[in-house]
Amino acid sequence: MAKCSVCGKGAHFGKAVSHSHRKSNKMWKSNVKSVKVKTEGGAKKMYVCTSCLRSGKVERA
């Protein structure tokens, strides 16, 4: 599973609870995109979550 290389956000785990209150395992995947990013060494491809992209923590190449 991809993890954000800026903030470290990844998948979260918990329980899905039905109407009859039966519980099963559930996984919430964070919205992570593969993006070309400007770095000191030039353009680099990395996984970045959309909240980091929108907040301006990363500049696209």
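**Exercise 1.** Determine how the radius of gyration of the protein relates to that of a compact globule of 61 residues.

*Solution.* The radius of gyration is taken over C-alpha atoms, and the globule rule is 2.2 Å times the number of residues to the power 0.38. For 61 residues this rule gives a value near 10 Å, whereas the protein has 16 Å. Next, consider the extents: the C-alpha trace spans about 55 × 20 × 15 Å along its principal axes.

The model is predicted: local features need pLDDT of at least 70, side-chain atom pairs count only at pLDDT 80 or more, and totals for chains, interfaces and linings use all residues. Residues are numbered from 1 along each chain as its sequence is written, and side-chain values use heavy atoms, with hydrogens and water left out.

**Exercise 2.** State the order of the secondary-structure elements from the N terminus on.

*Solution.* Helices (H or I, at least four residues) and strands (E, at least two) are DSSP runs, numbered from the N terminus. The protein has four strands and one helix, in the order β-β-β-β-α.

**Exercise 3.** Identify the largest nonpolar core and the elements that give two or more residues to this core.

*Solution.* A nonpolar core is a set of buried (under 20% relative accessible area, 1.4 Å probe, protein chains only) Ala, Val, Leu, Ile, Met, Phe, Trp, Tyr and Cys residues joined through side-chain atoms within 4.5 Å. The largest one consists of 10 residues: C4, V32, V35, V37, M46, V48, C49, C52, L53 and V58. Strand 3 (32-39), strand 4 (42-49) and helix 1 (50-55) each give two or more residues to this core. Of the 61 residues of the protein, 21% count as buried.

**Exercise 4.** List the residues in contact with C49, leaving aside its neighbours within four places in sequence.

*Solution.* Contact means heavy atoms within 4.5 Å. By this criterion, C49 is in contact with C4, C7, N31 and V32, its neighbours within four places in sequence being left aside.

How values were computed: Buried means under 20% relative accessible area, exposed over 50%, partly exposed in between (1.4 Å probe, protein chains only).
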